[in-house]
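Here are some notes for a colleague who is meeting this structure for the first time. Please read them with the model open beside you.

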Amino acid sequence: MAVRDFINPVVRQMKPSGIRKFFDIAAEMDNVISLGVGEPDFDTPWSIRETAIYTLEQGRTHYTANAGLKELRQELASYAFRKYQLIYDPLHEILVTVGGSEAIDLSLKAMLEAGDEVLIPEPSYVSYIPCTQMAGGTPVMVPLREENQFKLMADDLEKKVTPRSKILIMPFPNNPTGSIMTKEDLEPIADFVKAHDLFVISDEIYAELTYGDHPHVSIGSLDGMKERTLVINGFSKTFAMTGWRLGYAMGPDWLIHEMTKIHQFSIMCAPTNSQYAAINALRDCDEQVAKMRREYNRRRRFLMQRLSEMGMDCFEPFGAFYVFPSIKKYGLSSEEFCRRLLFDQRVAVVPGDAFGPDGEGHVRISYAYSIDALKKALERIQAFIEKEL
């Protein structure tokens with residue numbers, strides 16, 4: 001046996017993240033404006049950092065309970081009810097994880113058996129497919145269509161469901177499209193889930209980043225859905241805490257119990273310092289979050305105006321911090337468009353097919369960057385379109 005054959009074939013065949021591909025190239029170039037990575041450009045609010053500093057000074061650096069600090073889980077339960085009308089027992093129905101990504105991984109490992117199918121809307125976050133495959137499941141992609149504002153439609157689910165379907169992933173507000181699902185949008189999906197006896201993993205990491213008259217609604221809050229929904233969220237996007245690596249899962253006690261066992265053996269507990277800081281975030285940072293949301297919305301409106309002036313087609317997103325304009329009329333693949341834009345104008349954006357084949361014909365532009373950076377980048381994109389295409 002060759003040494004490389006010791007690698008799990010599932011891992012060996014896995015492709016690296018398409019999001020990072022262009023930014024590894026861009027990192028080696030000068031004068032590049034990068035609009036690709038989904039990371040807030042704000043510093044973590046000071047009161048959160050101050051809390052973390054204080055806990056370090058007090059020597060609170062030991063392991064916590066596997067499921068997380070009891071005080072933090074109690075704050076999470078209060079926050080979920082206050083924000084989304086979700087009711088969870090902090091002792092048995094909430095697990096604190098290392099980012100929302102660990103919660104996704106744990107939930108799939110806890111529920112999937114070989115051959116189980118996971119319905120995954122596409123385009124969407126790049127981790128769902130590999131995490132499904134590593135857990136022994138089979139990804140089944142369900143298209144999100146621009147003519148439907150990239151919302152998930154029950155009719156499209158009906159075409160993909162089979163007797164082996166077990167889980168539906170709900171990634172809204174959506175990365176990369178910025179689309180959202182209102183209560184009226186969610187109700188037929190909930191009916192479909194109950195009719196086919198499915199379980200929902202609802203990734204709501206961008207829940208607090210919605211705009212206009214569209215407050216976030218969790219599918220777990222709908223009638224009959226709490227017992228068949230795991231809500232995943234985290235602190236990275238809402239509180240600008242990406243490097244703190246803290247997320248959480250809320251769901252039925254039977255599932256949280258099994259996820260906690262895996263978490264116990266693989267991780268032990270989420271970072272203690274981050275957990276103490278998160279308590280402050282939940283209690284005291286509503287206004288800081290609102291301020292960041294207002295600034296994101298200003299950038300969103302600016303981008304939509306400039307893209308329209310440039311003649312780039314783009315549906316209006318009302319969530320997350322991305323726009324997903326179409327580049328189909330320029331006659332280039334998403335990858336070729338992004339490659340030429342990077343080398344010709346030193347602007348890095350993400351090709352739509354990095355989020356699956358259904359993302360082809362689009363590019364993702366993040367507005368988690370300053371207005372000045374966005375203005376300069378859009379000037380370069382306009383020059384690229386006018387001179388090169």
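1. Arg-346 sits in the loop that runs between α12 (334-345) and β10 (347-348), where helices (H or I, at least four residues) and strands (E, at least two) are DSSP runs numbered from the N terminus. The phi angle of Arg-346 is near 60°, a positive value in a residue other than glycine. With 29% relative accessibility, Arg-346 counts as partly exposed, given that buried means under 20% relative accessible area, exposed over 50%, and partly exposed in between (1.4 Å probe, protein chains only).

2. Before going further, please keep in mind that this is a predicted model, in which local features need pLDDT of at least 70 and side-chain atom pairs count only at pLDDT 80 or more, while totals for chains, interfaces and linings use all residues. Residues are numbered from 1 along each chain as its sequence is written, and side-chain values use heavy atoms, with hydrogens and water left out.

3. Gln-149 is placed in the loop between β4 (138-143) and α7 (154-160), and its relative accessible area of 42% makes it partly exposed.

4. Turning to the whole chain, the protein contains 13 helices and 12 strands, and its C-alpha trace spans about 60 × 55 × 55 Å along the principal axes. The radius of gyration of the protein is 21 Å, which agrees with the value near 21 Å for a compact globule of 389 residues; this radius is taken over C-alpha atoms, and the globule rule is 2.2 Å times the number of residues to the power 0.38.

5. Of the 389 residues, 57% count as buried. Among contacts (heavy atoms within 4.5 Å) with a separation of 6 or more, 74% are between residues 24 or more positions apart.

6. The protein carries 44 positive and 54 negative side chains, with the centres of the two sets 3 Å apart. Here Lys and Arg count as positive and Asp and Glu as negative, while His and the chain ends are not counted; each charge is placed at NZ of Lys, CZ of Arg, CG of Asp or CD of Glu.
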